[in-house]
Amino acid sequence: MPVSTNSAPVAWLTQESYDRLKAELEHLSGPGRTEVVARIEQARSEGDLKENGGYHAAKEEQGKSEARIRQLTALLESAHVGEAPEDNGIVEPGMLVHAKIAGDDATFLLGSREVAGDTDIDVYSEKSPLGAAIQGKKSGDKVTYTAPNGKSIDVEVLSATPYVG
């Protein structure tokens, strides 16, 4: 199980999420990288690079792919892989939180967007203003946090249960 050895924040991932992200990284840094390089070479062989849209698109794709490789590498190196947190109702990464935010009901995952995968569930980082304000709270706890726009927002935690993706 990977453990953080630097100052990067540790992300909680399910084993399934870790495996899915590792497979994506292996594809991007192996066959995916080879495919992009082949497209660049193909476009380069078509002549003048200044007006070669295919070449520029392939180079842009390469940049995005390399950025994703760096992101996945950093995430997987610092990830804590394991079971969902204990079902004790305390808000922490890996919990599905139901809360009343500024009077509106909201349900979201506290943690990494990568854990939620392709689901349409909202995800808030534990480092976000909302995440930091509610971390460690439990059902019935009320807090106020300052949003990035400077507004004070009231939050009441209604429940927190382990996320099962």
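Tutor: Let's start at alanine 102, which counts as exposed because its relative accessible area is 53%, above the 50% cut-off. Keep in mind that this is a predicted model. Alanine 102 sits in the loop between strand 3 and strand 4. Its backbone is worth a look too: phi of alanine 102 is near 50°, a positive value in a residue other than glycine. Most residues other than glycine have a negative phi. The setting is a hairpin of strand 3 and strand 4, with 2 residues between the strands.

Now follow the chain back into the hairpin. Strand 3 and strand 4 run antiparallel and are joined by 7 bridges.

Next, look at the two faces of strand 3. Met95, Val97, Ala99 and Ile101 make up the covered face, while Leu96, His98 and Lys100 lie on the uncovered one.

In soluble globular proteins, nonpolar side chains tend to be buried together. Here the largest nonpolar core has 17 residues, and Val97, Ile134 and Val155 touch the most other members. The elements giving two or more residues to this core are strand 3 (95-101), strand 4 (104-110), helix 4 (129-134), strand 6 (142-146) and strand 7 (152-162). There is also a second, separate core of 12 residues, which includes Leu13, Leu28, Leu75 and Val81.

Leaving aside neighbours within four places in sequence, valine 155 is in contact with Ala99, Lys100 and Ile101, among others. Its other contacts include Leu130 and Ile134, as well as Asp141, Lys142, Val143 and Tyr145.

For a contrast, jump to aspartate 19 in helix 1 (residues 15-44). Aspartate 19 is partly exposed, with a relative accessible area of 42%. Aspartate 19 and arginine 113 are 94 residues apart in sequence, and 15 Å apart in space from C-alpha to C-alpha.

Notes:
Residues numbered from 1 in each chain as written. Predicted model: local features only at pLDDT ≥ 70, side-chain atom pairs only at ≥ 80, totals over all residues. Heavy atoms only, no water. Helix = DSSP H or I, 4+ residues; strand = E, 2+ residues; numbered from the N terminus. Buried < 20%, exposed > 50% of the residue type's maximum accessible area, 1.4 Å probe, protein only. Core = buried A, V, L, I, M, F, W, Y, C linked by side-chain atoms within 4.5 Å. Contact = heavy atoms within 4.5 Å. Pairing = 2+ DSSP bridges.
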